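Below is a set of questions and answers on one protein model. Please look over the sequence and coordinates before reading on.

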Amino acid sequence: MRRSIRGNRILAKPYRDLVLLGYLALPATGGEDRRLAWAHRLAAAAVARHGRLDEAGLRRVFLRRVLRLRLMPWSGRLGPVEVVPVVVSRSDVVLLRELNGLTGAGRAAYAMLLLEGRPAAEVVEILAGAGAADPGGALAEARAVEQAHGTLALDPTVARVYGRPLRRVRIAFAALLLLGAVAVAAPDVGSGGPVSAAPLRLERAGAGAWRTGTDLTLASWPPRGTLTDDVELVRRAQRAWGSGPVQLIYAGELDGARIVLLRRHDRIARYTTTGQSSTDGQDGLEVLPAPRVKADGTSPLKLLATPRGNRYLVPPWVSEVSAAALSGGGPRWRKIGLKDGVTAPIAADATGSGQGCWRGPVLRFRAPEIAHGMPYTMLDFGRLSSASATYQPPPPADINRYGPWELDALEEGFGAWRALSCVLDRPSGEIQAATAWEFWAGRLPEGVGGRWMCLRLSDATGGNSVRAVLVTRRGARTVGTATATRTGTWDCSRLSRDVVAGVRWTAPSGKKYFVSAGSRRVVRITLDGRETSGRYAARATSGTPALAAVNEQGDKVPVLR
């Protein structure tokens with residue numbers, strides 16, 4: 001390979017995603033060592049040779065090799081070490097077993113649909129391009145496993161290494177294999193860092209450290225939990241992550257599990273064990289990006305997710321927590337118990353989320369000593385940190401000079417997010433900020449009510465994505481039609497507020513239309529050269545006409561495709 005993945009941020013993200021996709025798609029019958037090694041090898045080759053392709057094209061090329069590869073069963077006993085991905089919890093072990101029972105295409109569909117958050121149509125297209133025999137069936141397999149077991153939390157670039165007993169006659173040979181393995185180890189993409197014999201260093205912030213400076217970073221969080229003085233437990237968590245200085249954030253016991261949170265630079269390790277020692281329980285380690293610090297509110301860290309609800313460690317300056325479920329009406333906040341910075345269990349939706357919907361929970365925090373004591377809201381997308389969730393209503397509502405509205409400020413914000421939660425797949429990754437921008441609302445052909453929304457997501461690494469979706473209501477059924485998915489763009493932000501979108505749409509009568517709409521400053525829309533004044537245009541056609549628009553200043557408006 002001509003380029004190194006390690007330290008290369010441009011290559012690290014697609015590499016990690018491809019390794020996860022390859023690991024799940026490859027059969028488990030060949031042994032975990034070979035499955036993981038082949039996932040790394042194929043991902044590295046794909047990124048090196050085809051890195052200039054778009055995301056869908058890169059996955060098609062990658063999966064063509066992965067789905068055709070056959071790993072013969074082997075015992076693995078000749079290997080001196082066993083290398084397996086770190087599994088976070090017992091539920092993930094069960095989920096992996098269920099996934100191993102699917103077809104390779106089904107496992108690939110699960111990875112792309114639920115872990116990468118790709119639209120179903122795009123997943124089917126990628127699988128078809130990769131030569132999968134039944135892309136639609138693969139999608140159905142993935143959805144069935146997700147409904148029964150939820151979403152997997154796994155990073156295949158963070159692995160555990162176990163030694164195997166060796167006979168004397170093989171010691172020299174095994175040593176050579178081990179040296180070779182170290183030399184060609186899977187590239188380090190910043191998840192955990194290399195393991196070495198350097199001493200373990202533990203740092204702790206003082207109880208009032210956050211009051212002594214102006215930067216309310218994680219470095220100012222004092223260690224909390226009932227097990228912060230359990231040296232053996234904390235050392236086990238350190239050894240699981242590897243050498244290097246770490247900061248202790250939390251160590252305690254919740255709902256039968258012992259949990260340790262450690263921080264190193266911009267990464268957080270969440271270590272979970274169900275045993276009192278390294279031999280009588282099951283350990284899991286997940287390393288994720290730390291939430292970015294914001295002046296008006298910092299995310300809590302999720303300690304545990306159980307059927308009873310989620311438990312969070314809140315920033316030390318937060319004194320009150322409330323929660324609400326996304327619903328069509330206004331928020332119904334309920335106060336949540338808080339002890340030593342840890343919340344009582346919070347259910348995702350106390351009223352029942354309904355099939356196919358994800359509903360948070362939505363969290364509201366009060367911190368009287370900072371940011372003028374104003375509350376701030378966040379939405380749980382299922383990972384370590386929660387996202388600042390906001391909403392911008394359509395015209396004639398004004399643009400808030402301070403940015404989109406907090407979810408507790410406008411009743412219609414909950415309704416918009418509720419609609420998105422039932423028509424879009426749950427976003428993957430560590431989402432830090434999420435804005436639902438409703439740039440148009442009105443009547444589509446045949447009197448159907450429509451809302452055009454742009455969902456903008458920013459992640460912990462500074463990347464972003466935009467999803468445009470037309471939401472319609474037919475009786476009691478909410479229907480969402482994805483009209484655009486883009487990454488690395490200013491669209492739907494304060495830097496680019498003018499947008500126009502269009503999509504083929506079928507009316508209740510069965511008649512086909514191309515409908516389009518623009519944001520508040522759009523004054524003219526053009527479809528195949530035919531101009532329509534205003535912010536909305538529709539044409540009866542089964543095709544896709546050329547779409548353009550201009551704003552009130554005569555400038556061309558970006559088209560969301």
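Buried means under 20% relative accessible area, exposed over 50% and partly exposed in between, with a 1.4 Å probe and protein chains only. The model is predicted, so local features need pLDDT of at least 70 and side-chain atom pairs count only at pLDDT 80 or more, while totals for chains, interfaces and linings use all residues. Residues are numbered from 1 along each chain as its sequence is written, and side-chain values use heavy atoms, with hydrogens and water left out.

Q: What percentage of the residues in the protein chain is buried?
A: The secondary structure of the protein chain comes to 10 helices and 28 strands; helices (H or I, at least four residues) and strands (E, at least two) are DSSP runs, numbered from the N terminus. Contact means heavy atoms within 4.5 Å, and residues 24 or more positions apart account for 62% of the contacts with a separation of 6 or more. Of the 561 residues in the protein chain, the buried share is 51%.

Q: What is the strand order of the open sheet of 5 strands?
A: Two strands pair if DSSP finds at least two bridges between them. Strand S3 (200-203) and strand S7 (283-289) each pair on one side only, as edge strands. S3 and strand S4 (residues 244-254) pair in the parallel sense over 4 bridges, with Arg201 facing its bridge partner Pro245 in S4. Pairing in the sheet is mixed, and the order is S3-S4-S5-S6-S7.

Q: How many residues of strand S6 are buried?
A: In a regular strand the side chains alternate between the two faces of the sheet. On one side of S6, Arg267, Ala269, Tyr271 and Thr273 are buried, and on the other Ile268, Arg270 and Thr272 are buried. S6 runs antiparallel to strand S5 (residues 257-264), with 7 bridges, and antiparallel to S7, also with 7 bridges. The strand covers residues 267-273, and the buried count is 7 of 7.

Q: Is His265 buried or exposed?
A: His265 lies in the loop between S5 and S6, a hairpin with 2 residues between the strands. Its phi is positive, about 55°, although His265 is not a glycine. With 64% relative accessibility, His265 counts as exposed.

Q: What is the relative accessible area of Glu446?
A: Glu446 is in the loop between strand S18 (431-443) and S19. Its phi is near 65°, a positive value in a residue other than glycine. Glu446 counts as partly exposed because its relative accessible area is 42%.

Q: Which handedness does the disulfide of Cys454 and Cys492 have?
A: The structure holds 1 disulfide, a term for a pair of cysteine sulfur atoms within 2.5 Å. The sulfur atoms of Cys454 and Cys492 are 2.0 Å apart, and both residues are buried. Cys454 is in strand S19 (residues 449-459) and Cys492 in the loop between strand S21 (477-487) and strand S22 (500-506), 38 residues apart. The torsion about the S-S bond is about 95°, so the disulfide is right-handed.

Q: How are the ring planes of Trp505 and Tyr513 arranged: stacked, edge-to-face or tilted?
A: Rings of Phe, Tyr and Trp (its six-membered ring) pair if their centres lie within 6.5 Å; planes under 30 degrees apart count as stacked, over 60 as edge-to-face and the rest as tilted. The count comes to 10 aromatic pairs. Trp505 is buried at 4% relative accessibility, and Tyr513 is buried at 12%. Their ring centres are 6.4 Å apart and the planes lie at 45°, so the pair is tilted.
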